[in-house]
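Hello,

Here is the structure I promised to pass on to you. Have a look at it, and then read on for my notes.

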Amino acid sequence: MSHVVKKRKLDKTRQDRLYFDSYTDVTIHEEMIADHVRTNTYRMAILKNSEFIRGKVVLDVGAGTGVLSMFCVQAGAKKVYAVEACSIAEQAVNIVKQNNMEDKIEVIRGTVETVDLPEKVEVIVSEWMGYALLHESMLNSVLYARDKWLKPGGIILPSKAELYIAHISDTVVEDRLHFWYTVKDQYGVDMSCMSDFARSCIMNSDITVNSVHVEDVLSHPARFAELDLYSVTVEELRSVKGKFKCESFGSAAVNAFCVFFTVTFPCPDKPQTLVLSTSPFKPETHWKQAVLYLDAPVDVVQDTVVTGEISMFPKEESARHICIHVDYTIGEHKRQSKTFSIPDWSSEAQS
């Protein structure tokens, strides 16, 4: 007799504990610091905004090892409050001391929602982005800090985020599915019946974080959402959505969509801005891209139009995890729908 196990909704305290615990190990901090695109773009953005930072008070939300706080001191900040909820804050204190910045940087252990700063700030800096931009929901904390601690006319780095989608042909997946047809030639055992099972395992409803090769992208990416960090609200983050339209480059089998993001930093007195991009057309970052596999591939030719609507919203069982729902039409085919989420292995293991 089969039975359905209902997933328990995690209370917010437990969600937060699981989230912050994931940042206590050195590996994730090594990965982030080693991501040159990420770290150097933040460094350049902070230094280019030195005229707005020099002599000012800065709040670093989710400071981690404190590297952004130290960039702010290098840019001339008078004082930086580095707020960090997990135990890596202890290491941040050591790093600040090692760089002789303890007179400028105060590391505060706690969440930005619970700490009490002695003053308001003129600058907020934060590296809050998760997979597909919104996974882990740290942006909520930045908005809380903005509303409570940022002085009128203050700046937020980065100041804008944009989301994009494109349809792709993931040839590695097709090779994996075809593999089961090759077993007979190698070993004399026909396993081609495994192909459908393999497809259901690989092309499932998970958001797969992976690097998409440029040659697998079948259209110019379409922007479907923009978030202005000066004005967006927590309520609006409960459903980030938009429409998209892409025209195919040539003949191929579409088997997935990829979603990626950019964040933009203002550059004072200059028309151009500094952009941190996770596009497959740009150098790879640790965010890679979010890949959403279709249930079955669909053939397209040159100029085949792919249209649809995409929405991103918190997972019911765990608000820090993101779901993505896509309604899409490929050429003359019937409209399809599919909802995706990032597997929450930590909560399942501890349920």
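(A salt bridge here is a side-chain nitrogen of Lys or Arg within 4 Å of a carboxyl oxygen of Asp or Glu.) Arg38 sits in helix α3 (residues 36-48) and Glu127 in the loop between β4 (121-125) and α7 (139-149), so the pair ties together parts that are 89 residues apart in sequence. Helices (H or I, at least four residues) and strands (E, at least two) are DSSP runs, numbered from the N terminus. Arg38 is buried at 6% relative accessibility, and Glu127 is buried as well, at 9%. Buried stands for under 20% relative accessible area, exposed for over 50%, and partly exposed for what lies in between (1.4 Å probe, protein chains only).

A word on how to read all this: residues are numbered from 1 along each chain as its sequence is written. Because the model is predicted, local features need pLDDT of at least 70 and side-chain atom pairs count only at pLDDT 80 or more, while totals for chains, interfaces and linings use all residues; side-chain values use heavy atoms, with hydrogens and water left out.

**The other salt bridges**

How many salt bridges does the structure hold? There are 9. In general, side chains of opposite charge can pair when their charged atoms come close. One of the bridges joins Glu226 to Arg223, at 3.0 Å from N to O. Glu226 is partly exposed at 41% relative accessibility, and Arg223 is partly exposed at 45%. These two residues also belong to a network of salt bridges that includes Glu162. Another bridge is between Glu235 and Arg238, with 2.2 Å from N to O; Arg238 is partly exposed, at 48%.

**The sheet and the helix across it**

Next, please find the open sheet of 5 strands, which has the order β3-β2-β1-β4-β5 and parallel pairing. Its edge strands are β3 (105-109) and β5, each of which pairs on one side only. From one strand to the next, the twist averages 20°. Two strands pair if DSSP finds at least two bridges between them.

Strand β1 (residues 57-61) is mostly covered, as 5 of its 5 residues are buried. In a regular strand the side chains alternate between the two faces of the sheet. In β1, Val57, Leu59 and Val61 are on one side and Val58 and Asp60 on the other, and all of them are buried. β1 runs parallel to strand β2 (residues 79-84), and 5 bridges join the two. Within this pairing, Leu59 stands opposite Tyr81 in β2, and Asp60 has Ala82 as its bridge partner.

Helix α7 lies across β1, β4 and β5, and runs at about 155° to β5. Axes are lines fitted to C-alpha atoms, for helices over the stretch in contact, and angles run from 0 to 180 degrees between N-to-C directions. Contact means heavy atoms within 4.5 Å.

Helix α2 (residues 26-34) and α3 have axes that come within 5 Å and cross at roughly 65°. Where do they meet? Met32, Ile33 and Ala34 in α2 meet His36, Arg38 and Thr39 in α3. The residues of this contact divide into 3 nonpolar, 2 polar and 1 charged. (Ala, Val, Leu, Ile, Met, Phe, Trp, Tyr, Cys and Pro count as nonpolar, Asp, Glu, Lys and Arg as charged, and the others, Gly among them, as polar.)

**Backbone details to look up**

Leu157 and Pro158 are joined by a cis peptide bond, with omega about -5°. Pro158 is in the loop between β5 (150-157) and β6 (160-168).

Leu133 is not a glycine, yet its phi is positive, at about 75°. This residue lies in the loop between β4 and α7 and is buried, at 1% relative accessibility. Lys288 also has a positive phi, near 50°. Lys288 lies in the loop between β11 (274-277) and β12 (289-300) and is partly exposed, at 29%.

**What the record says**

An unreviewed UniProt entry annotates residues 160-331 as "domain: Protein arginine N-methyltransferase". UniProt positions are given in the numbering used here, feature names are shortened, and annotations may be inferred rather than shown by experiment. Over residues 160-331 the chain is 17% helix and 45% strand, and the end C-alpha atoms are 33 Å apart.

Best wishes
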